[in-house]
Amino acid sequence: MHMSLTLPGSAGMYLLLLMSNLLLWEHVASRPSTSVSTEDLYHRVVEQSHNTYIMAADIYSEFDLNFAKRSWLTDRMPTVCHTASIHTPENREEVHETKTEDLLVSIANITRAWIRPLKYLASEVAALPGASATMLKTANDLKERNADLLVGLKTILGRIKPGFAVNGSPTWSGLKDLKSSDEDTRLFAFYNNLRCLKRDMNKVDSFLKVLRCRVVFNNEC
Ligand SMILES: *[C@@H]1O[C@H](CO)[C@@H](O)[C@H](O)[C@H]1NC(C)=O
């Protein structure tokens, strides 16, 4: 952990902040009776999901601008997102009819399903010729933030359903295409993953905002 102290300038500072944030979560997660209120937990997960969504939208746009090919529109079918089987409400009404804990479980399920792909997206962006430093940083941040978000969600869920574990997320089998030696296949795999990520993070963020409104503000927002 002291390694971060040797990093130069803002990168080191950022890492330190990130770690203190993670330590905070761990502290909270290991001591459910701690003084952090559920309201504060909701504020934190919403802040995380908001930032995660913004980053997912950013990296998607950057990829779309610099790497996407026109030919995909006619020659290729977009793949089904690996999280498609996770049941989520389809519209506002359905969101409002869904129980808080059920919605939290779905959100945590989606978040967990992205742990592995985000790890590989970050390492493959590092190996992608022409990827900017910003893109690489965003990919790494996304990986950390999503993991952090999952810890926060588990903490809230642990209060509602003690002993609950988020198991059985859908598996992701996109690694082969992401590492393909065929450039078009590889780029198209990136594109689809980033498109799905943006879509899922948008969902997660909007659902969490509805839940915060419900739990913290008594639906008055
Ligand atoms: C997550 O979603 C998958 C796919 O729909 C499902 O099989 C699994 O049971 C879900 N996990 C949880 C914790 O709800």
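**Exercises on disulfides and helix packing**

When the bonded cysteines of the chain are numbered in sequence order, they pair as 1-2, 3-4. The model is predicted, with local features requiring pLDDT of at least 70 and side-chain atom pairs pLDDT 80 or more, while totals for chains, interfaces and linings use all residues. Residues are numbered from 1 along each chain as its sequence is written, and side-chain values use heavy atoms, without hydrogens and water.

**Exercise 1.** Determine how many disulfides there are and describe the bond of C81.

*Solution.* A disulfide is taken as a pair of cysteine sulfur atoms within 2.5 Å. This rule gives two disulfides. In one of them, C81 is joined to C196 at an S to S distance of 2.1 Å. C81 lies in the loop between helix 3 (71-75) and helix 4 (92-97) and C196 in helix 9, so the pair links distant parts of the chain, 115 residues apart. The S-S torsion is about -85°, so the disulfide of C81 and C196 is left-handed.

**Exercise 2.** State whether C213 is buried or exposed, and likewise C221.

*Solution.* The sulfur atoms of C213 and C221 lie 1.9 Å apart and form a disulfide. Buried means under 20% relative accessible area, exposed over 50%, and partly exposed in between (1.4 Å probe, protein chains only). C213, at 11%, is buried; C221, at 67%, is exposed.

**Exercise 3.** Classify the packing of helix 2 against helix 9.

*Solution.* Helix 2 (residues 38-66) and helix 9 (residues 183-217) have axes 8 Å apart and an angle of about 155°. Angles under 35 degrees count as roughly parallel, over 145 as roughly antiparallel, 65 to 115 as roughly perpendicular and the rest as oblique. The two helices are therefore roughly antiparallel.

Technical notes:
Axes fitted to C-alpha atoms, helices over the stretch in contact; angles between N-to-C directions. Helix = DSSP H or I, 4+ residues; strand = E, 2+ residues; numbered from the N terminus.
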